[in-house]
Amino acid sequence: MKTKRVVVLPYDAEWKSDFENIRQEIECAVGDLIVGIEHIGSTSVEGLSSKPCIDIDVIIKDYSVFETVVSELETIGYIHEGNLGIKDREAFKNLNKPHLQEHHLYVCPQYSEELHRHIAFRDFLRNNAEAVEKYSLVKKTAAELFPDDIEKYIEYKSFCIEELYMQCGLK
């Protein structure tokens with residue numbers, strides 16, 4: 001299967017409202033079952049270049065409500081894909097959402113280590129302009145070097161991510 005083109009764009013302030021549009025739709029379906037909805041990933045960090053795809057963590061108290069959340073998300077076009085190898089982070093693909101910005105949706109219990117990592121990394125970047133500048137440059141370079149290979153793009157930027165994780169106490 002051919003990977004679609006890897007495109008990294010300069011930060012776009014519209015990503016905040018894109019997240020809000022997605023958040024509202026999800027909240028209408030599962031708002032009474034969840035603890036919160038977090039905008040994570042590069043699009044959540046002002047000034048950070050990114051692939052134009054919104055990453056979202058829906059937070060549940062624990063797995064006691066998970067099956068109901070899965071059912072409710074299904075009614076609005078989300079299909080559970082499993083944890084894709086990451087403990088306490090359940091991935092969902094979406095079907096027929098042309099009215100929303102491209103996005104990745106995850107459901108995590110509030111005690112999830114992956115959720116903690118997402119938020120800690122996001123908050124570190126939001127408060128560290130030098131890290132944002134460095135990471136943006138690495139991402140842009142990776143996209144230029146590997147425009148048709150998402151795996152090599154990810155591999156190229158992994159050293160920078162590991163370094164930033166160390167700086168923010170995640171490693």
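**View 1. Aromatic pairs in the predicted model.** By the ring rule used here, the model holds 6 aromatic pairs. Rings of Phe, Tyr and Trp (its six-membered ring) pair if their centres lie within 6.5 Å; planes under 30 degrees apart count as stacked, over 60 as edge-to-face and the rest as tilted. This is a predicted model: local features need pLDDT of at least 70, side-chain atom pairs count only at pLDDT 80 or more, and totals for chains, interfaces and linings use all residues. Residues are numbered from 1 along each chain as its sequence is written, and side-chain values use heavy atoms, with hydrogens and water left out.

**View 2. Tyrosine 11 and tryptophan 15 pair edge-to-face.** The ring centres of tyrosine 11 and tryptophan 15 are 5.5 Å apart, with 90° between the planes. Tryptophan 15 is buried, at 2% relative accessibility. Buried means under 20% relative accessible area, exposed over 50%, partly exposed in between (1.4 Å probe, protein chains only).

**View 3. Phenylalanine 146 and tyrosine 156 form a tilted pair.** Centre to centre, the distance is 6.2 Å, and the planes make 55°. The pair links distant parts of the chain, 10 residues apart. Phenylalanine 146 sits in the loop between α4 (129-145) and α5 (150-167), and tyrosine 156 in helix α5. Helices (H or I, at least four residues) and strands (E, at least two) are DSSP runs, numbered from the N terminus. Phenylalanine 146 is partly exposed at 23% relative accessibility. Tyrosine 156 is also partly exposed, with a relative accessible area of 37%.

**View 4. A ring cluster, and a lysine over a ring.** Ring pairs link Tyr63, Phe66 and Phe92 into a cluster. Elsewhere, lysine 139 lies over the face of tyrosine 135, at 4.9 Å from the ring centre. A charge sits over a ring if NZ of Lys or CZ of Arg is within 6 Å of the ring centre and within 35 degrees of the ring normal.

**View 5. The open sheet has 5 strands in the order β1-β2-β5-β4-β3.** Pairing in the sheet is mixed. Two strands pair if DSSP finds at least two bridges between them. Neighbouring strands are turned by 30° against each other on average, direction ignored. Helix α2 (residues 66-75) packs on the sheet and touches β2, β3, β4 (90-94) and β5. The direction of α2 makes about 135° with that of β3. Helix α3 (residues 113-126) also packs on the sheet, touching β1, β2 and β5. The direction of α3 makes about 50° with that of β1. Axes are lines fitted to C-alpha atoms, for helices over the stretch in contact, and angles run from 0 to 180 degrees between N-to-C directions. Contact means heavy atoms within 4.5 Å.

**View 6. Strand β2 and its two partners.** β2 (residues 54-60) and β5 (residues 103-109) pair in the parallel sense over 7 bridges. Isoleucine 56 has leucine 105 of β5 as its bridge partner. Aspartate 57 is bridged to tyrosine 106 of β5. β1 and β2 run antiparallel, joined by 5 bridges. Glycine 36 has isoleucine 59 of β2 as its bridge partner, and isoleucine 37 stands opposite valine 58 in β2. In β2, 7 of 7 residues are buried. Ile54, Ile56, Val58 and Ile60 cover one side, with Asp55, Asp57 and Ile59 on the other. In β1, 4 of the 5 residues are buried, so the strand is largely enclosed by the rest of the structure.

**View 7. Helix α3 packs against α4 and α5.** The α3 and α4 axes are 6 Å apart, at an angle of about 105°. This makes the two helices roughly perpendicular. Angles under 35 degrees count as roughly parallel, over 145 as roughly antiparallel, 65 to 115 as roughly perpendicular and the rest as oblique. Phe121, Phe124 and Leu125 of α3 meet Ala131, Val132 and Tyr135 of α4. The α3 and α5 axes are 10 Å apart, at about 85°, and therefore roughly perpendicular. Here Arg117, Phe121, Phe124 and Leu125 of α3 contact Leu164, Tyr165 and Gln167 of α5.

**View 8. Two loop residues with positive phi.** Most residues other than glycine have a negative phi. Aspartate 88 has a positive phi of about 60°. Aspartate 88 lies in the loop between β3 and β4 and is buried, at 13% relative accessible area. Asparagine 96 has a phi near 55°. Asparagine 96 lies in the loop between β4 and β5 and is exposed, at 68% relative accessibility.
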